[in-house]
Amino acid sequence: MPPYKMWEIMERANTGPFCEDDDFLYKIFMPKMKDVIEKYGIKYDPDTPVPADDDLADRVWQAAVEFFLEVGVLNVDTHRRIMVDESELKEALYHAPGRYLVGAGKDTRLWEQRGVEGAKPPFCIFSPDITCDEEMFLPMSIAYIQEPLADGVCAPILEESMGLKIKSGTPTEMAGVVEHAMTLRQAAKLAGRPGLFLVAVGTAQSDTGQIAVSNDEWGVRHTDGRLIGILTELKIDNELLNKIAHCMQFGCSIGCLSGAIYGGYAGRAEGTAILEVAYHLVGLTIYQANFQNSFPFHLHFTSNSGREMLWLVSMKYQALSRNSRLLSTSNGFLNAGPGTEMVLYEAAAHGLASVVSGGHLWEAAPTHNKYRNYATPLEARMACEVGHAVARQGMTRAQANEIVNQLLAKYEDHIADAPKGKPFQECYDVRTARPSPWYLDMYKKVKDEIAAMGVEFPY
Amino acid sequence: MAMLEKLVEAVQEGEEREAVATAGKAIQEGIPVDEIIEALTAGMREIGDRFARMEIFLPEMMLAAQAMQAVMRELEPEIQKSATPTEKKGTVVIGTVEGDMHEIGKDIVITLLQVQGFDVHDLGADVNALDFVRKAEEVHADIIGASALMSTTMPGQREIIEFLKEKGVREKYHVILGGAPVTREWVKECGADSWGENAGVAVEILERVMAERRM
């Protein structure tokens with residue numbers, strides 16, 4: 001764990017340089033981003049969604065370091081920029097252990113840093129990333145938990161509790177987050193993985209909601225993890241700082257959740273890659289995070305399986321893996337929905353590009369991460385099976401680039417009109433939490449196609 | 001007309017200083033202010049279209065919008081003198097609902113609305129539902145726009161509709177909802193008037209709504 005600097009962060013959040021919101025974006029963030037893209041010669045190449053240019057990866061890292069040190073993070077409640085200096089960043093990077101034990105008992109897992117083209121398998125977190133019907137929460141959670149490659153699980157998000165619509169910051173949220181935490185714990189026990197690393201609870205948007213579920217008996221344990229988000233872009237508020245302070249002292253793993261927007265304030269692929277690396281430095285120094293969950297997404301499509309998105313995902317992980325020991329899961333956001341071949345090709349491409357570049361996996365949010373119940377474990381399984389396979393066979397970035405190009409050819413023309421697919425309850429037998437035969441057949445067909453492209457699945 | 005083309009180009013490129021200086025020269029040359037505004041409006045519509053086609057992205061659009069606003073401030077004395085004052089397309093009160101700090105989607109909609117000539121009152125993020133209603137009443141708005149990025153903050157959108165009904169003013173406003181988790185079904189369930197599926201669609205809908213209201 002990096003040095004504990006919570007009090008210093010608290011002080012800087014109140015005493016750092018004064019800055020208004022608009023000035024932060026227009027006078028500091030955007031000009032500095034333009035500056036570092038030019039200074040370090042960062043250039044997107046559409047022909048290589050998985051680039052193999054070590055020097056470019058290192059320049060992305062250097063650009064991100066300079067950008068982060070000069071821009072800092074704006075606390076929108078105090079209008080102060082939280083700044084970190086170079087020696088503090090180096091200190092934090094030096095102390096980052098690069099490996100953690102997570103989960104408990106027989107379900108404990110070692111999570112270790114991976115290298116570019118590294119043979120260590122990725123740490124895989126299975127997560128639907130969407131909301132679900134209240135009655136679907138338990139079977140959906142069990143379906144994800146029983147996936148053999150799942151080193152950790154994050155459950156769907158509840159919209160209702162006891163039939164009441166959950167509203168953040170109200171008693172309905174307090175009720176909903178407890179229901180979420182207890183039911184997920186129950187699902188893990190039922191599935192025979194009681195100590196599984198659970199990242200929870202997504203239903204809690206507020207700080208009070210997160211604090212309410214910290215309980216080693218029935219809720220989120222200190223051997224579990226929490227995600228704490230950041231505001232777009234490079235902004236934070238006191239509520240997020242409250243969550244960090246609580247999780248630090250409770251003792252659970254902290255995951256900094258960042259989603260730089262392609263086409264947003266950082267501009268195109270180059271700036272989005274730099275910003276997402278910079279977010280990992282925010283996670284390390286300001287969030288005191290054990291890990292990052294990174295979901296850069298396209299402004300128009302809310303996905304990251306397109307060509308330019310895969311390039312920046314790959315670039316980001318190469319930069320991080322070559323220059324730090326930071327742990328990071330690559331969170332797939334896919335265009336098509338469950339029960340379609342397209343979503344499986346997308347998942348494979350995202351898993352492949354991420355793992356060959358040094359990333360771990362957090363899979364997957366289908367259907368633009370938009371529709372209730374529209375996610376199943378099979379999309380995540382595809383990404384993670386591909387990720388394990390390519391690590392095991394020692395696939396190079398050049399080989400990966402060829403295969404990703406073949407996969408893109410199957411879907412990239414349909415990103416704007418991707419099929420919505422079917423909800424969980426039509427793709428799975430809800431009673432047994434097992435996939436329907438037709439979807440399993442589709443999965444096997446697509447897996448065979450990907451194997452023919454050169455991915456050596458162990459089974 | 002070369003001067004107007006130069007002005008529009010400067011605005012589209014986000015060159016604020018050059019745009020303001022060129023606008024001053026255009027006035028000095030005697031170009032009527034309504035012609036200048038017409039050219040600028042067409043130029044900004046093109047910027048909006050290029051954004052929708054993904055030829056440009058947020059930084060370029062925001063800089064163009066800032067340049068446009070600077071030029072409009074420069075032209076304000078001439079607009080005041082003009083015999084045919086420019087008419088706002090409509091008045092919009094917009095914000096992100098309570099408990100939700102996400103602003104980028106709302107900010108894109110605001111930028112697109114402003115460049116199309118709407119009068120926009122931005123309430124910011126984490127806005128209580130009643131504050132939407134109060135502001136709309138205060139500024140005699142035509143439209144209320146509410147954004148939510150989290151499923152657990154979406155109920156704040158429905159509350160706006162409920163408060164409008166409680167106060168007996170529901171029919172005065174067109175209510176449009178947007179944000180990543182918002183769907184057509186949710187909009188219908190809330191009893192809102194339209195779904196801003198994305199920023200471009202939202203602006204198209206509101207332009208159509210205001211055109212119908214003026215008929």
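## Burial in strand β14 of chain A

A residue counts as buried if 20 or more other C-beta atoms lie within 10 Å of its own, with C-beta atoms placed from the backbone. The model discussed here is predicted. By that criterion, six of the six residues of strand β14 (residues 253-258) of chain A are buried, and the strand is mostly covered.

The burial applies to both faces of β14(A). One side carries A:S253, A:G255 and A:L257, and the other carries A:I254, A:C256 and A:S258; all of these are buried.

## Strand pairing around β14(A)

β14(A) runs parallel to strand β12 (residues 225-229) of chain A, and five bridges join the two. Within this pairing, A:L227 has A:G255 of β14(A) as its bridge partner.

Strand β16 (residues 291-294) of chain A also runs parallel to β14(A), with four bridges between them. Here A:C256 stands opposite A:Q292 of β16(A).

## Helix α8 of chain A

Helix α8 of chain A covers residues 238-250, which makes 13 residues. At 1.5 Å a residue the helix should span 18 Å, and this agrees with its end C-alpha atoms, which are 18 Å apart.

The buried residues in α8(A) are A:L240, A:L241, A:K243, A:I244 and A:C247. Because they cover an arc of only 155° around the axis, they lie on the same side of α8(A). An α-helix has 3.6 residues a turn, so residues three or four places apart point the same way. The buried residues of α8(A) pack against α1 (6-15), α7 (207-212), β12, β13 (235-236) and β14 of chain A. After the helix comes A:G251, with a positive phi near 105°.

## Chain B

Chain B has nine helices and five strands. Along the sequence their pattern is α-α-α-α-β-α-β-α-β-α-β-α-β-α.

The C-alpha trace of chain B spans about 55 × 35 × 25 Å along its principal axes. For 215 residues, a compact globule would have a radius of gyration near 17 Å, and the 18 Å of chain B agrees with this. Of the 215 residues, 50% count as buried. Among contacts in chain B between residues at least 6 apart in sequence, 73% join residues at least 24 apart.

## Contact between the chains

Chain A contributes 27 residues to the contact, and chain B contributes 18 residues. On the side of chain A that touches chain B, eight residues are nonpolar, twelve are polar and seven are charged.

Methods: Residues numbered from 1 in each chain as written. Chains lettered and ligands numbered in written order. Predicted model: local features only at pLDDT ≥ 70, side-chain atom pairs only at ≥ 80, totals over all residues. Contact = placed C-beta atoms within 7 Å. Nonpolar A, V, L, I, M, F, W, Y, C, P; charged D, E, K, R; others polar. Buried ≥ 20, exposed ≤ 12 C-beta atoms within 10 Å, placed from the backbone. Pairing = 2+ DSSP bridges. Expected span 1.5 Å × (residues − 1). Arc of directions from axis to C-beta. Rg over C-alpha atoms; globule rule 2.2 N^0.38 Å.
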